[in-house]
Amino acid sequence: MVRMRPARVSSVTTGVAALVATVLAALLAACGGSPGTPNPDPAPGPATPAVSGVTDPGATNGSSDAAGSNASGARRVTDMTYLPGTPVWWSGFEIELVAARLDEATRLVEVRARLTNTSTVDTNLGATRGEISVGSPDHVTGWDNISDTIPHGTTLPSTLRFTSVPGDFDLSTAQLVLGGEGDHQAVFALGDRDANSTAVATRPLPVAGTVVISNAHTGARFESRDNSLVAAACSGPNPVDVTYVPLPSDQLVLELVGTIQSPSRSVGGVAAQRAMATPVGGTAVIAEPGLSAVLGIDAAPVRRLHLCFPVPADTHGRVDLTFDTRLVGEDFVTATGSVQLP
C-alpha cells in the first residue's frame, strides 16, 4: 500500500493568500456591499405591545446566549397589563391587578397585583383557607406560594405564581379566581385589560348606627361605631388579632369593631365570656373567634375588639345582641342590645 503524505503549505503561499484576501475586502468595503447588490437598511426589531402580546426576552438582551436561543427557537412569553380599576375586596384585602405573564417554555404564570390590607392586623393571602387558582372551569392550577406579609393599612405589590399550567392554557381567556367552590369569590378575566372593573365580589356593607351594650352590675360597657356585613369569616387567637378567611356564599358575617371597658372596683376585675347575636325569628350564634377577656382594676380599655357573628346572607331587620360578663368570683350576668340590618 502506498501511503499518501499530506501536502505542506509553504509560508510563501500563505502570505500570498492573505494579501489577496485583504485586497478583496478593501474593494468590497469601498463599493458598499457585494457587486451589484445594494446594502439594505437594517430590519426593524420586534415592537413590544402596549397592552398584550408575545415577546422574546432573550432576543433583546445582547448576550451570547440570546443568539443560541434564537437559533433553537425563541422562548415565548405572553404579557398582559391592566388599566387601573376599582379594587376588589376579598378576605380583608383590596386587590387590584397590575400585570399577568405566561412563560410558554416553563409553563409558569405570574400575576402581579397591588394589595391593600384593610384588616386591623398584619397578614397575607396565605393565611386564608380559600383556593386561589388560574385557568378555566374545566382545569385550574393552584397558587404555588405564600405572599409576603402586608402590614394593616398598607398597600404593597404582591406576585401570585402558578407553576406547570397545562399546555393549552391561554392567558387571553383565563381567569384568576380567589375563593374556592361555594365560597364568596372574586373572579378576574385575565384577558380583559379592564379586568378589575368586571370582577365579581361582595364588598363590606356598612351598617348604620352605634351599638352599646352596658352591664350595670359589672360596670362593663361595649361600644361599637364600626359595624358592617362582610363576605368573610373572622379567624384568630383572640378577639383583637383577627384576620379574614373565605366564607360560604350563603353566609355573611355581622362584624362589630369596638371598645370594651370597665370601671369596676372589684378586687379581681371583670371577665367577659361570650357575645351572641340572634336575628329575629332566627337562631342564636356565638361571636367568632370567641370572646375571652379579663379587665383588671383600672385597666385600660380594650380597643379594636372584633365581634364576628355568622348570619344567613338573606338576614334583614333587627338582630338582638347579648353580652355576658361577670365580676371575678361571681356568676355571669347578661346585658343586651340590638342592631338593625338593611
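This is a predicted model: local features need pLDDT of at least 70, side-chain atom pairs count only at pLDDT 80 or more; totals for chains, interfaces and linings use all residues.
The backbone oxygen of Glu 104 is 3.3 Å from a polar atom of the Arg 107 side chain.

Keep Arg 107 in view and display the chain around it. Arg 107 belongs to the loop between S4 and S5. Is this residue buried or exposed? Arg 107 is buried, yet it has no salt bridge. The nearest side chain of opposite charge is that of Glu 104, 5.1 Å away. A salt bridge requires the charged atoms to lie within 4 Å.

The structure holds two cavities of 30 Å³ or more.

For the largest cavity, select strand S4 (93-103), strand S5 (108-117), strand S8 (155-162) and strand S9 (175-178), each of which supplies at least two residues of the lining. S5 provides the largest share, three residues. The space inside amounts to about 50 Å³.

Finally, move to the second largest cavity, with a volume of about 40 Å³. Select Trp 89, Trp 90, Ser 91, His 184, Gln 185, Ala 186, Ala 201, Thr 202 and Ala 231, which line this cavity. Colouring these residues by class gives five nonpolar, four polar and no charged residues.

Conventions: Residues are numbered from 1 along each chain as its sequence is written. Side-chain values use heavy atoms; hydrogens and water are left out. On a 1 Å grid over the protein atoms alone, a cavity is a set of points where a 1.4 Å probe fits but cannot get out, and a pocket is an open set with protein on both sides within 12 Å along at least five of seven lines; lining residues have an atom within 4 Å of a point. Grid points are joined across faces, edges and corners, and a volume is the space filled by probe spheres set on the points. Helices (H or I, at least four residues) and strands (E, at least two) are DSSP runs, numbered from the N terminus. Ala, Val, Leu, Ile, Met, Phe, Trp, Tyr, Cys and Pro count as nonpolar, Asp, Glu, Lys and Arg as charged, and the others, Gly among them, as polar. Buried means under 20% relative accessible area, exposed over 50%, partly exposed in between (1.4 Å probe, protein chains only). Lys and Arg count as positive and Asp and Glu as negative; His and the chain ends are not counted. A polar contact is a pair of N or O atoms within 3.5 Å; within protein, one must be able to donate a hydrogen and the other to accept it, and residues adjacent in sequence count only if both atoms are side-chain atoms.
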